[in-house]
Number of protein chains: 2
Amino acid sequence: MDRAARKARLAQAVWQVIRERGIGAVSVRSVAEEAGVAVGSLRHLFPTRAELLEFSAELMVQRARERIRDIPRTENVQQYALEVVKHLLPLEPDSRAELEVNIALIAETPALPKLEAIRDHAYHQLGEACTQLVGMLAGRPRDRQIEEEARRLHAIIDGLAIHLLMEPSSQDTGWAVAIVRGELARIAGGAA
Amino acid sequence: MDRAARKARLAQAVWQVIRERGIGAVSVRSVAEEAGVAVGSLRHLFPTRAELLEFSAELMVQRARERIRDIPRTENVQQYALEVVKHLLPLEPDSRAELEVNIALIAETPALPKLEAIRDHAYHQLGEACTQLVGMLAGRPRDRQIEEEARRLHAIIDGLAIHLLMEPSSQDTGWAVAIVRGELARIAGGAA
DNA sequence: TTTTTGCTAGCACAGTCATGCTACTAACGG
DNA sequence: CCGTTAGTAGCATGACTGTGCTAGCAAAAA
């Protein structure tokens, strides 16, 4: 049963519409057309518009989570951490699109309360990941200072992500990576 | 002529609708009702929906700019800088609403291209403000390192802003201010 | 074979949308 | 006094919306 695949295909059509015409243009009709199916077919998988958007949001989070999880661990902790953070920033067209969609969905939260839970979950997972990263870098178990450093790293990541999104995608992105690299080095050696 | 005041009143109705029901619920009808005027009256001030949203966005940016500009300069540079940053974070209901509206407007950019210019302008102004702040803190003219520090500060501010928005507004916000304070102190004394 | 099931397709309805348009009121300049 | 102007109000139109509903179609199950 490739039901899941068909649902994923429709979710991708949702993302496409959001990126091209904004969240306001997402309707069962526009998404069905983008995916090349009839409205009836779409509504067989997603009876309501809300379910369509919720699934799309969840799938996006899941994809990102898997992408991060599949990064191979290298012996050099700093390099591994840098690789993880690079996958959290919108450096590639894919991850860029992901963030655009993410922001659009956050903006629609007042109209779709279930999105709030999805976003909160993703947010806390990312926070947890930052804490573990900082713990690995500092080479000691979690304590109060590590948690503050993690919050700070988390903020830098999200801030840089937004700034990268503002710049045209063609622009140089080295400055952002440089900041991250410096931050990671500071965390790794900074406690001393 | 209180034409400007009436336009501002309508812009506030736009923000209200965005916060309560999401950007998707913003229509000439919903805004007019929220403001307690007839659709025809609204359309006398703003002939099209796009003009209404563009004005609302610009007014919001302008309000924020004025709020920052009116912060009194204290002799202690670090304290002044902290005060500025605190006004850039969604710590009060007003600034919180501002950020919510901001995100919603960014999300609608694909549908309203003019919003992109407004947002870019605000973004660069904030970047410039960060550079000046860092320059003041470091006590030396602008150079490459100062610009990198400024970018980092800018990222931390925007990242923290988002994180504060995620937490319920009632939550403790001291941790965010603590991070900012540490960052400012590091910049001021850190070059050594 | 007949029946059930998963899916596709689309019609119909009631509602909302932006916007063009006219009509009405009131203030102000001549 | 009249004409002009700004503002208020609302009607009409054509398009788009989500969703309930029926109907067809093909494969699997009975």
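This report describes the fold of chain A, its interface with chain B, and selected side-chain pairs in a predicted model.

## Overall architecture of chain A

Chain A contains 9 helices and 0 strands. Read from the N terminus, its elements follow the order α-α-α-α-α-α-α-α-α. The C-alpha trace of chain A extends over about 65 × 35 × 35 Å along its principal axes.

Chain A has 192 residues, of which 47% count as buried. Contacts within chain A can also be sorted by separation in sequence. Among those between residues at least 6 apart, 64% join residues at least 24 apart.

## The interface between the chains

The size of an interface is often given as the accessible area lost when the parts come together. For chain A and chain B, the buried area is about 2,900 Å², and 65% of it lies on carbon and sulfur atoms. In terms of residues, 33 from chain A are in contact with 34 from chain B.

Between chain A and chain B there are 10 residue pairs in polar contact, counted with both residues at pLDDT 80 or more. Several helices of chain A build the side that touches chain B: H1 (3-21), H6 (93-107), H7 (114-138), H8 (144-166) and H9 (174-190) each supply at least two residues. Which helix gives the largest share of this side? The helix is H8(A), with 12 residues.

## Charged side chains across the interface

Side chains of opposite charge can pair when their charged atoms come close. Across the interface of chain A and chain B, 2 salt bridges are found. One joins A:Arg152 to B:Glu183, with a distance of 2.5 Å from N to O. In another salt bridge, A:Glu183 pairs with B:Arg152, and the closest N and O atoms are 2.5 Å apart. A:Glu183 belongs to helix H9 of chain A and B:Arg152 to helix H8 (residues 144-166) of chain B, so this pair joins two chains.

Are A:Glu183 and B:Arg152 buried or exposed? A:Glu183 has a relative accessible area of 0% and is therefore buried. B:Arg152, at 9% relative accessibility, also counts as buried, because the limit for this class is under 20%. These residues are part of a network of salt bridges that links A:Glu149, A:Arg152, A:Glu183, A:Arg186, B:Glu149, B:Arg152, B:Glu183 and B:Arg186.

The charged end of A:Arg151 is placed over the ring of B:Trp175, 4.0 Å from the ring centre. B:Arg151 lies over the face of A:Trp175, also at 4.0 Å from the centre of the ring.

## Salt bridges within a chain

Over all chains, the structure holds 27 salt bridges. One of them connects the side chains of A:Glu100 and A:Arg19, at 3.5 Å from N to O. This pair links distant parts of the chain, since A:Glu100 is in helix H6 and A:Arg19 in helix H1 of chain A, 81 residues apart. A:Glu100 is partly exposed, at 26% relative accessible area, and A:Arg19 is likewise partly exposed, at 38%.

In chain B, B:Arg119 forms a salt bridge with B:Asp120, the closest N and O atoms being 3.3 Å apart. B:Arg119 is buried, with a relative accessible area of 16%, whereas B:Asp120 is partly exposed at 24%.

## Two residues of helix H7 in chain B

B:Arg119 lies in helix H7 (residues 114-138) of chain B. Apart from its neighbours within four places in sequence, B:Arg119 is in contact with A:Met166, B:Ile106 and B:Thr109.

B:Cys130 is also found in helix H7 of chain B and is buried, with a relative accessible area of 1%. Again leaving aside neighbours within four places in sequence, the contacts of B:Cys130 are B:Ala150, B:Leu153, B:His154 and B:Ile157. B:Cys130 and B:Val84 are 46 residues apart in sequence, while their C-alpha atoms are 9.7 Å apart in space.

## Aromatic pairs

The whole structure contains 2 aromatic pairs over all chains. In chain A, the ring centres of A:Phe46 and A:Phe55 are 5.3 Å apart and the ring planes meet at 50 degrees, so the pair is tilted. A:Phe46 is buried at 3% relative accessible area, but A:Phe55 is partly exposed at 22%.

In chain B, B:Phe46 and B:Phe55 form a tilted pair, with 5.3 Å from centre to centre and 50 degrees between the planes. B:Phe46 is buried, with a relative accessible area of 2%, and B:Phe55 is partly exposed, at 22%.

Key
Residues are numbered from 1 along each chain as its sequence is written. Chains are lettered from A and ligands numbered from 1 in the order in which they are written. This is a predicted model: local features need pLDDT of at least 70, side-chain atom pairs count only at pLDDT 80 or more; totals for chains, interfaces and linings use all residues. Side-chain values use heavy atoms; hydrogens and water are left out. Rings of Phe, Tyr and Trp (its six-membered ring) pair if their centres lie within 6.5 Å; planes under 30 degrees apart count as stacked, over 60 as edge-to-face and the rest as tilted. Buried means under 20% relative accessible area, exposed over 50%, partly exposed in between (1.4 Å probe, protein chains only). A charge sits over a ring if NZ of Lys or CZ of Arg is within 6 Å of the ring centre and within 35 degrees of the ring normal. Contact means heavy atoms within 4.5 Å. Buried area is the accessible area (1.4 Å probe) that two parts lose on being put together, summed over both. A salt bridge is a side-chain nitrogen of Lys or Arg within 4 Å of a carboxyl oxygen of Asp or Glu. A polar contact is a pair of N or O atoms within 3.5 Å; within protein, one must be able to donate a hydrogen and the other to accept it, and residues adjacent in sequence count only if both atoms are side-chain atoms. Helices (H or I, at least four residues) and strands (E, at least two) are DSSP runs, numbered from the N terminus.
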